[in-house]
Amino acid sequence: MARRTGGPDCRRPSTRFSMTIETPTSVPSSAERPCYRPRWYVQLAVAGWVAAQLLLPLRCLVADRLQRPPRFCWNMYSYQSNCEGGYVAIRPDGSSASLNPFQLFPREVGAFVTFHRDFLPSFHGWLCRGLELRQPEMRLQGEIRCSSAAGDQELLVRRGVDLCEAENFGVIDR
Amino acid sequence: MWFAEGNPLTLAVFRAAFALCLAAEVPSTRHMSVFAIEGGFHLPYLRLVPLLEPKLYAQVHLSQYFLILLLGLGVATRAAAGSLLFLQGWVFYADRMNFRNHPYFFLLVLAILLVSPCDDTLSLRAWLRGRRGLQAMLRPPHRPLTAQRLIQFQVVVVYVYAASMKIHPQFLGGGIVALEANRWLLGAAATDDARVALSSTFDPTVWMALSWGTIVLEGFLAVGLCWARARPLAFALGILFHLGLGLVMGVWTFSLGYLATYLLFLDPETIPCAIERASRRRRAVEAA
C-alpha cells in the first residue's frame with residue numbers, strides 16, 4: 001500500500017463542501033482522495049461489520065418487549081416498563097414469608113431486566129434452588145404483572161401454583 | 001469512500017478525546033456493572049464468560065486507568081486498546097443485566113480504534129520514532145480513513161435506530177420525556193404525587209412536541225451529518241442536543257463521547273489547517 005505524504009496548501013479558503021464538513025484548502029474532496037486497495041479479508045471485515053450493525057437492531061423493531069428486553073438495538077430512553085408483584089414462600093403449616101423481588105438484586109434495574117418471559121424461568125430456578133437448600137419443604141408462589149411502553153399489563157407468572165414444580169417454573173408463555 | 005486515504009491527525013485527536021471520556025466512564029461503570037460480581041442471581045450470555053470476585057472486579061476497573069493513559073498518550077496503543085476491549089468486554093458480557101447502550105458504543109469504538117492508525121501522529125509513539133515538531137505532527141504520512149468511516153457509520157446507525165425505536169404511542173404521547181424532565185426537575189427521590197403535580201402544570205402538548213421533536217432531530221442528525229451542506233447545522237443542533245441530554249439525564253460521558261465523534265465528520269485537513277493558520281498568525285504577531 002503506497003503512502004502519500006505532504007500537506008495541502010492551507011492558505012486558500014474553502015469554496016465548496018466536500019463529503020466531510022469543509023475543505024479549507026485545495027485538497028480534493030474525500031471522494032476524490034486516493035484510495036488504497038485493501039486485501040480481500042479487510043473488505044470482507046468492513047462489509048461484515050456494516051451489515052451486522054445495520055441488521056442486528058432490526059429485530060427489535062418488531063420484538064415483543066415483554067418476551068426479552070431489546071438489546072444491541074440503540075433503544076435509548078425510548079420506553080418504560082412497569083412491573084408489580086412478588087413472591088411468597090409458603091411453609092407446610094400454611095404460614096408464609098413474602099419475598100420482594102426488587103430487593104434481590106444489587107440494583108433495581110436487575111429486576112426489570114429479569115422480568116421478561118425468557119428470563120423468568122432462570123430466576124425462578126434460582127429462587128427454588130435457594131429454597132431447596134434452606135427449607136426444602138417450602139413452596140414458592142408468585143405473581144408478576146408487567147406492562148411495557150404503556151401497553152396492557154400482562155400476567156407473566158401463573159397464580160396459585162408451586163413455581164418450583166410447575167412447567168417452565170410457572171412462567172406463562174405468550 | 002470506505003478505502004480512501006488521508007491525514008490521520010483527526011483520528012488521533014479523537015483518540016485522545018475518547019480516552020478522556022473512557023476515563024470519566026470508569027467510576028460509573030464500576031458502580032453500575034455490579035452484576036458481573038459473583039453471588040446472587042445472574043443472567044449470563046455465555047457460561048464461558050466467568051464472573052468476577054469483588055477484589056478482581058475492583059482491580060479490573062482500576063487497571064483501566066493505566067491502559068486509558070496509554071491509549072490517550074498513543075504509546076503501545078494497540079495493546080492498550082486490546083486490553084481495554086478485553087477488560088470492558090469481560091465486565092459487559094459477564095451478565096445481561098449489565099447491558100447499557102453507551103458502554104456498548106464505547107466497546108465498538110474501541111474495537112475500531114484497535115485496528116486503526118490512530119497513533120500515527122499526536123502520539124508518544126510517533127515522537128519516539130522521531131516524528132517531532134509541529135509539521136511532523138500536522139503532516140504525517142497519509143493513512144487509510146476506513147476506521148474513521150466506520151465510526152462515522154456507527155454514529156449514523158445509532159441515530160437512525162434511536163429515532164426508529166421511539167416511534168410508539170408511549171414515546172409519541174410525551175410520557176417518557178415528561179418522566180425524564182420531572183426526574184431532572186424534582187430529583188430521583190421525588191414522590192410520584194410531586195411528579196404528577198409537576199406534569200400537570202405543563203400542557204401535555206409540550207411533552208408531545210418535545211417527543212416528536214426528539215425523533216425528528218435524531219432523524220435529521222443521521223442525514224445531516226452525512227450531507228455536507230447540512231452538516232454545520234447538524235453540528236450545532238447535535239451539540240445542543242447532547243449537552244441537553246447530559247444536563248437532563250446526567251449521561252455526560254456518553255454525550256461528550258458522542259460529541260467527540262463529530263470531530264471525525266470534519267475533513268481530515270480541517271484540524272491541521274486550522275492549527276497551521278493559528279501558528280502562522282502567532283508568528284506574524286510575534287514578528288510584528
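Select B:Val206 to begin; this residue is partly exposed, because 15 other C-beta atoms lie within 10 Å (a residue is buried if 20 or more other C-beta atoms lie within 10 Å of its own, exposed if 12 or fewer, and partly exposed in between, with C-beta atoms placed from the backbone). B:Val206 belongs to helix H11 (residues 204-224) of chain B; helices (H or I, at least four residues) and strands (E, at least two) are DSSP runs, numbered from the N terminus.

The model is a predicted one, in which local features need pLDDT of at least 70 and side-chain atom pairs count only at pLDDT 80 or more, while totals for chains, interfaces and linings use all residues. Residues are numbered from 1 along each chain as its sequence is written, and chains are lettered from A and ligands numbered from 1 in the order in which they are written.

**Chain B as a whole**

Now display the whole of chain B. Its secondary structure consists of 14 helices and two strands, and its C-alpha trace spans about 65 × 50 × 40 Å along the principal axes. Chain B has 288 residues, of which 45% count as buried. Of its contacts between residues at least 6 apart in sequence, 74% join residues at least 24 apart; two residues are in contact if their C-beta atoms, placed from the backbone, lie within 7 Å.

**H3(B) against H4(B)**

Select helix H3 (residues 77-93) of chain B together with H4(B). Their axes come within 9 Å and cross at roughly 155°; axes are lines fitted to C-alpha atoms, for helices over the stretch in contact, and angles run from 0 to 180 degrees between N-to-C directions. H3(B) is therefore roughly antiparallel to H4(B) (angles under 35 degrees count as roughly parallel, over 145 as roughly antiparallel, 65 to 115 as roughly perpendicular and the rest as oblique). The crossing of H3(B) past H4(B) is left-handed, a term used if the near helix is turned anticlockwise from the far one by less than a right angle, with right-handed used if clockwise. Among the residues that make the contact are B:Leu84, B:Leu85 and B:Phe92 of H3(B), and B:Leu107, B:Leu110 and B:Leu114 of H4(B). By class, this contact has 10 nonpolar, three polar and one charged residues; Ala, Val, Leu, Ile, Met, Phe, Trp, Tyr, Cys and Pro count as nonpolar, Asp, Glu, Lys and Arg as charged, and the others, Gly among them, as polar.

**H4(B) against H7(B)**

The contact is formed by B:Phe105, B:Leu108, B:Val109, B:Ile112 and B:Leu113 of H4(B) with B:Ala147, B:Leu150, B:Ile151, B:Gln154 and B:Val158 of H7(B). These residues divide into nine nonpolar, one polar and no charged.

**The interface**

Show both chains. In chain B, 55 residues are in contact with 55 residues of chain A. Elements that each supply at least two residues to this side of chain B include helix H4 (101-114), helix H7 (146-164) and helix H14 (270-287). H7(B) gives the most, with nine residues. By class, the side of chain B that touches chain A has 33 nonpolar, 11 polar and 11 charged residues.

**Chain A and its sheet**

Chain A comprises three helices and four strands, in the sequence pattern α-β-β-α-α-β-β. Of its 174 residues, 25% count as buried.

Select the four strands, which form an open antiparallel sheet in the order S2-S1-S3-S4; two strands pair if DSSP finds at least two bridges between them. Strand S2 (96-99) and strand S4 (154-155) of chain A are the edge strands, each pairing on one side only.

Focus on strand S1 (residues 81-90) and strand S3 (residues 139-148) of chain A, which run antiparallel and are joined by 10 bridges. A:Gly85 has A:Ile144 of S3(A) as its bridge partner, and A:Ala89 has A:Leu140.

Finish at S3(A) and S4(A), an antiparallel pair joined by two bridges. Here A:Arg145 stands opposite A:Leu155 of S4(A). The hairpin of S3(A) and S4(A) has five residues between the strands, and A:Ala149 in that hairpin takes a positive phi near 50°.
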